[in-house]
Amino acid sequence: MASKTIQASLADNSLSPPKNMPMILILYLLGIFMGAIDTGIVTPARTLIQAALGADERTGIWMITIYTLAYAAIIPISGKLADRYGRKLMYIISIGLFGLGSTICALSASTGMFSVMLIGRVIQAMGGGGIMPIATAEFGTTFPESKRGMALGLVGGIYGIANIIGSSAGSAILDIFGKAHWDYLFLINVPIAAAIVLLGLIFLPNTRGREVKKIDWAGIPILTVMILSLLYGLRNIDFFNLGSSILSVDVYPFLIGFAALLPILLLVEKRAADPILALEYFTNPRSLITLILSFIAGVMMMGMVFVPQFAENALRIASGSGGYFVAVLGIFAGISAPLSGGLIDRFGPKKILLAGFGISLAGALFLIFYTIPSPSWASVIVSLGIMGLGLGFTMGTPLNYMMLQNCRKEDSNSALATLSLIRSIGTAIAPAIMIGFLAHAGISAQDKLMGLLPAVKSPRLESAEKLGRQIASIQANPALAPMLGSMEIPSFAAPATMSMGGGASSGTAAMPAEMVAKLRSADVTTITDRIKDLASSMYDSRTPAVINAIQGGVRTGKGKIEAALEAMDKAAYKGRTAGMGGAPSAMPMPVASRGGLSAARTELTALVTTMAELDAEIPPAFESSKQAYLEEIEALRPKIDATFQKTLNSGFSQMYVTVAIASILAALILAFYRKGEGLGGTR
């Protein structure tokens with residue numbers, strides 16, 4: 001067992017690496033692998049999970065956002081605790097928390113509660129906030145500087161390979177066990193975490209710095225609250241409605257809280273023996289540029305979260321299948337990450353990072369101007385391959401190397417933790433912008449699709465037409481028309497049209513919330529069927545009132561005519577008795593009134609019969625009309641699918657325009673980076 005503490009002087013090669021270095025590398029890389037595979041597995045199932053737990057798109061993205069918030073808050077704390085208590089202890093605790101959080105996430109499927117999922121993701125993040133920075137620090141300080149790039153590149157390569165297996169495994173698990181069993185995606189972490197904890201207790205050395213100062217207990221809570229306030233406030237900003245959203249109670253109090261705590265943090269950190277957030281990283285030009293680039297890289301990386309959804313929409317494949325395309329990113333990132341590490345040892349991190357931003361820009365432009373207008377399997381794979389290459393050159397290795405160049409060796413944990421923190425802020429802000437592009441595209445798609453739907457016409461009621469002819473015949477006959485007298489004749493026809501949200505309707509505003517939610521969760525393979533379900537539901541909810549109105553008119557008219565027939569019978573009876581010397585008739589009758597009365601009675605009796613036929617005809621006629629309307633929608637399936645795909649693709653286009661702009665901005669900022677004296681001496 002490696003029980004002795006390996007001091008930071010190991011980074012200077014004053015001590016030989018321990019004999020069990022292969023096992024140490026395996027355990028640290030396995031932890032990185034677990035964290036990365038979890039991201040890959042969850043990504044293709046994000047929309048499925050949020051639908052299963054009753055969350056909409058904006059709420060569902062909190063599966064990722066809350067992880068980012070908690071991850072960012074714990075990073076600087078785990079880095080300092082690792083400096084003080086050693087990497088072994090903090091790494092094992094981090095792995096254990098990650099496994100526990102994964103178990104809770106899986107249990108949310110049984111509870112059906114999205115809140116349980118969020119609790120699990122927070123605990124996962126508390127573990128994840130220690131895994132990557134601690135493992136990266138171990139690699140960055142244990143290997144000599146001449147091999148540091150290769151070692152850090154190995155970290156990036158494992159991360160990329162894990163994404164290959166993770167995304168593909170995620171889609172495969174959904175295909176094999178069914179989309180309802182997405183909880184299996186989290187359970188895969190549990191045995192991996194258990195193995196790392198067990199073997200880590202045996203083999204990992206407890207590497208830590210020579211000088212262990214007092215922990216900054218005052219700075220930790222202030223920084224944590226500041227991070228959470230900043231990220232929560234920024235996360236809730238609607239960048240498409242900036243003015244009013246900033247005034248929201250979910251935004252401005254948290255931004256004010258961040259601003260109010262900032263001077264307090266600066267004061268506390270200046271007095272701290274070992275500050276939780278080293279302010280010198282923000283005053284040194286080289287480390288500051290590195291941190292800014294890390295923030296931009298975080299924004300760019302979040303564009304990868306939406307790759308499965310983009311691939312599904314572009315290629316018209318079912319939700320959950322897009323995870324296989326993250327494998328394309330992973331393959332190329334897995335190739336370029338270790339390659340970039342070796343190239344850094346030869347050419348330095350600046351040139352390699354610049355190449356990465358250039359490749360990322362090329363991939364984004366190819367996707368925007370070719371793949372989205374002409375989606376195909378080949379164009380999607382090529383664009384993702386290019387972006388994967390760029391991701392491998394930028395996702396960590398050069399930035400980690402640059403940060404280590406500009407910090408003291410004993411501060412490597414906290415320096416890399418600060419780098420991860422700033423990158424996490426970028427990954428927290430990016431979804432607020434990117435999900436906005438998709439949300440607005442989704443709203444636009446709904447409006448366009450509702451506009452495609454034909455107006456719902458009233459069913460053709462043959463008995464109503466027959467009834468109209470009979471009434472017209474009676475009214476046109478001078479001898480029979482007086483028989484109707486001033487009796488009100490109700491209308492028995494259905495309305496000309498009935499709004500279903502299409503044609504001249506006003507969109508989804510009047511739709512039931514449940515149906516709107518189903519429509520918004522649809523993808524390109526289900527949108528037409530969801531619209532048919534919507535039309536069927538709306539038809540079923542609105543036609544009863546129409547049917548009742550028509551049947552009510554029919555029955556009212558039938559009652560009035562039957563009353564008229566009864567009056568005629570009484571009049572005829574009184575007329576007969578008056579002719580036999582009885583009392584005079586109460587109903588004045590014209591000449592040949594008896595013959596006219598008989599004819600009128602025959603006509604009105606026929607009306608009653610037709611009304612009874614109409615009353616029975618109305619419900620099945622409306623059902624037939626509903627089926628005909630659904631057939632009209634089915635005939636529009638190609639147009640509906642194409643409209644949905646094109647409109648949603650416009651949201652993805654805007655998203656990757658953001659990635660392209662970020663790549664250009666990063667390259668411009670990188671031009672100001674100059675190698676020089678680091679905080680710990682020349683690097």
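**Briefing: fold overview, a covered helix and a helix pair**

The protein has 26 helices and 4 strands. The model is predicted. Of its 683 residues, 54% count as buried.

**Whole chain**
- The accessible surface comes to about 28,000 Å². Carbon and sulfur atoms account for 65% of that surface.

**Helix α19**
- Helix α19 spans residues 397-405 and is mostly covered.
- How many of its 9 residues are buried? The count is 9 of 9.
- The buried set runs Thr397, Pro398, Leu399, Asn400, Tyr401, Met402, Met403, Leu404 and Gln405.

**Helices α14 and α26**
- Helix α14 covers residues 285-302, and helix α26 covers residues 637-670.
- The two pack at an angle of about 170 degrees, with axes 9 Å apart.
- That angle makes α14 roughly antiparallel to α26, since angles over 145 degrees count as such.
- Their crossing is left-handed.

**The α14–α26 contact**
- From α14 come Ile289, Ile292, Leu293, Ile296 and Met300.
- They meet Val659, Ala662, Ser663, Leu665, Ala666, Ile669 and Leu670 in α26.
- By type, the contact residues divide into 11 nonpolar, 1 polar and no charged.
- An α-helix has 3.6 residues a turn, so residues three or four places apart point the same way.

Conventions:
Residues are numbered from 1 along each chain as its sequence is written. This is a predicted model: local features need pLDDT of at least 70, side-chain atom pairs count only at pLDDT 80 or more; totals for chains, interfaces and linings use all residues. Side-chain values use heavy atoms; hydrogens and water are left out. Buried means under 20% relative accessible area, exposed over 50%, partly exposed in between (1.4 Å probe, protein chains only). Axes are lines fitted to C-alpha atoms, for helices over the stretch in contact, and angles run from 0 to 180 degrees between N-to-C directions. Angles under 35 degrees count as roughly parallel, over 145 as roughly antiparallel, 65 to 115 as roughly perpendicular and the rest as oblique. A crossing is left-handed if the near helix is turned anticlockwise from the far one by less than a right angle, and right-handed if clockwise. Contact means heavy atoms within 4.5 Å. Ala, Val, Leu, Ile, Met, Phe, Trp, Tyr, Cys and Pro count as nonpolar, Asp, Glu, Lys and Arg as charged, and the others, Gly among them, as polar. Accessible areas come from the Shrake-Rupley method with a 1.4 Å probe; for residues, only the protein chains shown count as cover.
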